[in-house]
Amino acid sequence: MLWWSPSRTGARMNTGAGQPERTQVPCTGWMDRRAVVTVFGIISLSWMCLPACAQMRIPPETVQQWANTFGKQLSALSTRYSGSLLLQKKYKDIEPIVKMEEVNGMELVKKFAEEMENMLGRKMKSVKRMAEAAEDADFYHEYNATLEFDYYNSMMINTVDEDGNNVELGGEFALEENEHFNNLPVNTQQSVIQVPTNVYNKDPDILNGVYMSEALNEVFVSNFDKDPTLTWQYFGSSTGFFRLYPGIQWTPDENGVVTFDARNRNWYIQAATSPKDIIIVVDTSGSMKGLRLTIAKHTINTILDTLGENDFVNVIAYSDYVQYVEPCFKGTLVQADLDNREHFKLLVEGLHVKGEGKVKKAMKEAFRILNEAVTTGKGSLCNQAIMLITDGAMEDFQQVFEEFNWPERRVRVFTYLIGRELTFADNVKWIACNNKGYYTHISTLADVQENVMEYLHVLSRPMVINHDHDIIWTEAYMDSVLPNTAELFNTQAQSLLLMTSVAMPVFSKKEETLSHGILLGVVGTDVPLKELMRLAPRYKLGVHGYAFLNTNNGYILSHPDLRPLYKEGKKLKPKPNYNSVDLSEVEWEDTEDTLRTAMVKGETGTLSLDVRATVDKGRRVVFLKNEYFYTTINETPFSLGLVLTRGHGKFIFTGNISVEEGLHDLIASDVTLANEWTYCETDIDPHHRKLTQLQAVVRYLTGKEPDLQCDEVLLRQTLFDAVVTAPMEAYWTAILLNESGIDDGVETAFMGSRSGLMRMFRYVGAEKRAAKKFLSASDKDNLFTLDHFPVWYRRAAENRPGRFLYYVPKEDMRDVFREHELDISASSGPQDHDPEYEDDGRILIAATSVTVTLGPRTAVAGAVGVQMSLDMLEKRFWAITAQPNDTDCAGVDGLCPLSCSDNMDLSCYVIDSNGFIVISKQRNEVGRFFGEVDGSVMSQLLRMGMFKRISLYDYQAMCKVNPHSASSARPLLSPFYNVMAALKWFTSNVLLFLLDFNVYGLWHSDRFVEAKASFHASSKKSKGDILQPCDTEYPSFVYEPSIKETNSVIKCGRCQKVFVIQQIPDSNLLLMVVQADCDCSRQYSPITMEPREVKYNASVKCDRMKSQKIRRRPESCHAYHPQENAKDCGGAAEIRISAILFLTSLFVSTLIHR
């Protein structure tokens, strides 16, 4: 501890009211100046005394003086180098000539919805043309079992053998990079064929289908000519091949395997069938051990993969008794969204065999669930089916069916006979054939996919016979098939990575097959949500405004706060539940679900909410008053919502300027436009795709490209802003050329307007700048994007014009959102930051807003700022906060002279209004939350009310699975297994292979590769490394300026910590001086912003999982047709068994019957 003397500091300590000042240690009774003691005694006694009774006195008036001086310097630097006064004056000067209008949110949302309806309508017309062409081609095609036909196989094109010759089904295929298709090499004149590895690419069915569908090439090209905004067009055949336009070279996985099967994709499944309620009944009796149970699990997972968010499901296991795989779902159906499907898969993995199989009870339970759903109006209220997965059925089922299903046969029953044994095949087939279902025999893992898909063809029969071409729209999804997906993950806003697909079924129109209801496949096209959201331009919505889309099930289709990715190691991956995020989980302030309910029902209306929004990756909270406007998008299951924030998006001003004058100022060297905004549509004509938005605007205004489609309102605003802000370049240049020179550390001046126009001026060259990334093309956070306004613009808008806001951007700081870190269990410390990196990129941003006011109406015109190096500001700060030794200390109550830089017993900080450190002696503390550095002082500030803790919630978080929790979720398992794992599996299970695999599977290696089952235990990770979806609560902190206390004392055991805090004028900054020699870490833990997982007890968790919020069912349902040929209900196993195994099976069956 300290002890002070006049010779060291001149400190004056008050011993009490009315007491004379003493210039000595304030601990009388231990020392006597006249006593002669040894040096050892003095040190010992001082050490014992001072911790208990010494208290530092920091003069508040000194700290206030420092804050005022530093604030004046900051303000002077920011004002001078940004040119804020000039810019505000220029916008003030034009107030008499502009018009201020109130934005009509309802009118705006209806207009946007109509434009989206027109855009999506064009996609639907393209799909209809594809379906008609495919059906006509099939009608005139005669099946040829011996057909030989070469086609472009996407895996083989441009591939040669060892002799340099084109491989079979390959050939030269011209490819050229195309901006419209994410810069992938494509062929816009030709489509290609993709065939999954497990399907024989020269099978007669494949060859006939490919030959027939060649007619689609012409339609693909024609569609693209008519609507250049179209992206991928495709035809997924029921036989397994996939025709894709434009043609690309398909990239297999690292094992050379193509696992993509169009028939597994949501667009195919939803178009092929109407909504459905499915009960999966699986046999877990003792006879299902070994490979049979493995095949059964894979069959369940494959069935689950065929379900979508309009479907409902449950899974029941049976042996001696009936067991719900998820006890929480007992007696009910749950929505088959991605979250629930994955949950079922994890539980199915834990199934074990035992006892005797008594299926009758399980079937009765399944019928009860389905009947109750119809009675209560729950579920899909359309198709209903039971999927029975078993290795045999010996009980008499007729009574069950008579009681629950006959004569209407409303519930279809599909049966899957597992294993090589055929003894009970007749029984199992009888069940399916007498309940309008389908029977299949699955003897190997390779059989699962093809056999499961049969049920979709059966469910599609009524629709096919009726020739009802229902158009479907999928939920949002992320296309992970394309080769450059990883690059897109890292370069685009997360919420704009998703897409939706529009699809339509293709039927056989041949009279001879009408009653069979033959589904030929599904045609479709993708619609990137990024293109859809361009129709709700940012400039019309204001700083914090935004548009969003949700589905008939209440799930988010597009929203700026949707975060579908999480980080695993260094890779970004889609979250398990990324496309089943409910609107109420993003707009969580709507606690009554008022907004969600209205939008799901397709209503039109408005709602006002006070919300806590965040900026800067969730680290800072802003309080907004939002007005929501919403309506439905006709002919789709989607609804559009629009948010305008009072004070920012409520008013808009317009002014007139000549094109010549505006164009002159627009082409200045310091001007850029928001390249992700649509000033002019550059994606229609291929010749325009290489143009930047600024280039396109200039060419349009100069008449060089008069056919460009441009946003006239946005162009007028842009030209007006270009003229008003034009003097900024001359001002910044004059500052640079001024004889007094530039202050070291001032690097970049910048401004941005509501029209997305930016001006930037570099005061120093790149080699001297601390900020290497700021305002570069890769600095998305600080640029105008399709997703948001710049961070500095959004934050400046929350402050009055002329008052600068300061903050330190930290590239290496973690998001508070959990999924962006693999491990956030510990608070960040000095070791988490690289000082060398920070020295190179430590900068301060200063920004202020610029407004236009007409009477009571005010609109934000833009923001202006300056970027400075933190080194320069630190030097100024340390100089200001160091009193020289000759300071006049008369009348100063406390330490004098006082110095932040020289006194090791003092810690001095500059923090911002959210508690983040801007300046500190310890450079690795800059950018961190102050509570992490000193929990005791932060606790006291919270108690004083100087800072408030604001609770925020994240319903899209990813949390680590607790490795010690028995109830924690198992890892999500990869849907496929690599070849080496398959070989390992084969070696370790060779005996089972001899018993359960057949000769056909040996000769067809492609089918064996498919046996790389997703459920193999070797693909699991340890629980401690697994992330799973969760809900979290995390804090944000806000300074409360109305609290005027400036100093306080914290008692920490045997010492007391003193601190003084003062606001730095005309800023969002605070100056804090803290006694550093009193360690309070034992009494006060650090206060962090780490998210805390919200734990739910079993009952609450169960209720949340099975709760069914309001949803809007699809309008069409095709569950029955009187002409359906129900006799087509399956037959012998698709895979032929070997003669030896057949005889063995027959012998075993005979023994069993004896």
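At 1.5 Å a residue, helix α10 (residues 359-376), with its 18 residues, should span 26 Å, and the 26 Å between its end C-alpha atoms agrees with that. The model is predicted.

User: Which elements do the buried residues of α10 pack against?
Analyst: The buried residues of α10 include Val359, Met363, Phe367 and Leu370. Glu365 is also among them. Their packing partners are β7 (276-283), β8 (312-318), β9 (322-324), β11 (383-390), α11 (398-404) and β12 (411-418).

User: Which residue follows α10, and what is its phi?
Analyst: α10 comprises residues 359-376. The residue that follows α10 is glycine 377, with a positive phi near 75°.

User: Where is leucine 381, and is it buried or exposed, or partly exposed?
Analyst: Leucine 381 lies in the loop between α10 and β11. Its phi is positive, near 55°, in a residue other than glycine. Buried requires under 20% relative accessible area and exposed over 50%. The relative accessible area of leucine 381 is 42%, so this residue is partly exposed.

User: What is the relative orientation of helices α8 and α9?
Analyst: The axes of α8 (residues 291-305) and α9 (residues 338-349) come within 10 Å and cross at roughly 175°. Angles over 145 degrees count as roughly antiparallel. The two helices, α8 and α9, are therefore roughly antiparallel to each other.

User: Which residues of α8 and α9 make the contact?
Analyst: On α8, the contact involves Lys297, Ile300, Asn301, Leu304 and Asp305. On α9, the residues are Arg341, Phe344, Lys345, Val348 and Glu349.

User: Is histidine 141 buried or exposed?
Analyst: Histidine 141 sits in the loop between α4 and β2 (176-178). It touches Asn208, Tyr211, Met212 and Lys510, not counting residues up to four places away in sequence. With a relative accessible area of 13%, histidine 141 is buried.

User: How far apart in space are histidine 141 and asparagine 208?
Analyst: The two residues, histidine 141 and asparagine 208, are 67 residues apart in sequence. From C-alpha to C-alpha, their separation in space is 8.5 Å.

User: Which peptide bond has omega near -5°?
Analyst: Proline 246 is in the loop between β6 (242-245) and α7 (266-272). The bond is cis and runs from tyrosine 245 to proline 246.

User: Which residues are joined by a cis peptide bond with omega about 0°?
Analyst: Proline 407 is located in the loop between α11 and β12. The cis peptide bond joins tryptophan 406 and proline 407.

Technical notes. Residues numbered from 1 in each chain as written. Predicted model: local features only at pLDDT ≥ 70, side-chain atom pairs only at ≥ 80, totals over all residues. Heavy atoms only, no water. Axes fitted to C-alpha atoms, helices over the stretch in contact; angles between N-to-C directions. Helix = DSSP H or I, 4+ residues; strand = E, 2+ residues; numbered from the N terminus. Parallel < 35°, antiparallel > 145°, perpendicular 65-115°, else oblique. Contact = heavy atoms within 4.5 Å. Buried < 20%, exposed > 50% of the residue type's maximum accessible area, 1.4 Å probe, protein only. Expected span 1.5 Å × (residues − 1).
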